[in-house]
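Please look over the sequence and the model below.

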Amino acid sequence: MITGRQVRAARALLNWTQEMLAEKALVALTALKRLESERGLGVHEGTTDQVRRALEAAGILFIESGQGRGVMFLNETSGTETRQARARRVRSPT
């Protein structure tokens with residue numbers, strides 16, 4: 001599950017406004033604001049999933065480790081499938 005902090009960081013890396021992300025993810029702006037809220041306001045799982053997919057399609061990789069959570073911008077021109085395959089490799093334990 002991604003966090004509001006990760007979504008805000010991803011938007012900053014992409015230089016996207018909340019309005020731009022809401023449009024690309026096909027979610028309501030108010031739902032995105034709730035997701036990004038520091039107060040941990042609840043949103044539907046589908047909303048979170050759509051936001052995650054839109055950010056991943058733009059080159060964002062969500063990272064989770066024993067040290068915490070974060071995001072990384074993959075600066076590559078290949079397709080989303082390659083990014084998703086790489087994300088699975090990064091997330092899988094070695």
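Of the 94 residues in the protein chain, 35% are buried. Buried means under 20% relative accessible area, exposed means over 50%, and partly exposed lies in between (1.4 Å probe, protein chains only). This is a predicted model: local features need pLDDT of at least 70, side-chain atom pairs count only at pLDDT 80 or more, and totals for chains, interfaces and linings use all residues. Residues are numbered from 1 along each chain as its sequence is written, and side-chain values use heavy atoms, with hydrogens and water left out.

**Overall layout**

The protein chain has 5 helices and 2 strands. Along the sequence their order is α-α-α-α-β-β-α. Helices (H or I, at least four residues) and strands (E, at least two) are DSSP runs, numbered from the N terminus. Take the contacts in the protein chain with a separation of 6 or more: 51% of them join residues 24 or more positions apart. Contact means heavy atoms within 4.5 Å.

UniProt, in an unreviewed entry, lists residues 7-39 as "domain: HTH cro/C1-type". UniProt positions are given in the numbering used here, feature names are shortened, and annotations may be inferred rather than shown by experiment. In the model, residues 7-39 are 73% helix and 0% strand. The end C-alpha atoms of this stretch are 14 Å apart.

**Helix packing**

Helix H3 (residues 29-36) packs with H1 (residues 4-14). The axes of H1 and H3 come within 7 Å and cross at roughly 115°. Axes are lines fitted to C-alpha atoms, for helices over the stretch in contact, and angles run from 0 to 180 degrees between N-to-C directions. H1 and H3 are therefore roughly perpendicular to each other. Angles under 35 degrees count as roughly parallel, over 145 as roughly antiparallel, 65 to 115 as roughly perpendicular and the rest as oblique.

Which residues in H1 and H3 meet? H1 supplies Gly4, Val7, Arg8 and Arg11, and H3 supplies Leu32, Leu35 and Glu36. By class, the contact of H1 with H3 has 3 nonpolar, 1 polar and 3 charged residues. Here Ala, Val, Leu, Ile, Met, Phe, Trp, Tyr, Cys and Pro count as nonpolar, Asp, Glu, Lys and Arg as charged, and the others, Gly among them, as polar.

H2 (residues 18-25) also packs with H3, at an angle of about 115° and with axes 9 Å apart. H2 and H3 are therefore roughly perpendicular to each other. On the H2 side, Gln18, Glu19, Leu21 and Ala22 meet Leu29, Leu32, Lys33 and Glu36 in H3. The residues of this contact divide into 4 nonpolar, 1 polar and 3 charged.

**Single residues**

Two residues other than glycine have a positive phi near 60°: Asn15 and Leu26. Asn15 lies in the loop between H1 and H2. Leu26 is in the loop between H2 and H3. Gly46 sits in helix H4 (residues 45-57). The C-alpha atoms of Gly46 and Val27 are 9.4 Å apart, although 19 residues separate Gly46 and Val27 in sequence.

| Residue | Relative accessibility | Class |
|---|---|---|
| Asn15 | 65% | exposed |
| Leu26 | 71% | exposed |
| Gly46 | 38% | partly exposed |
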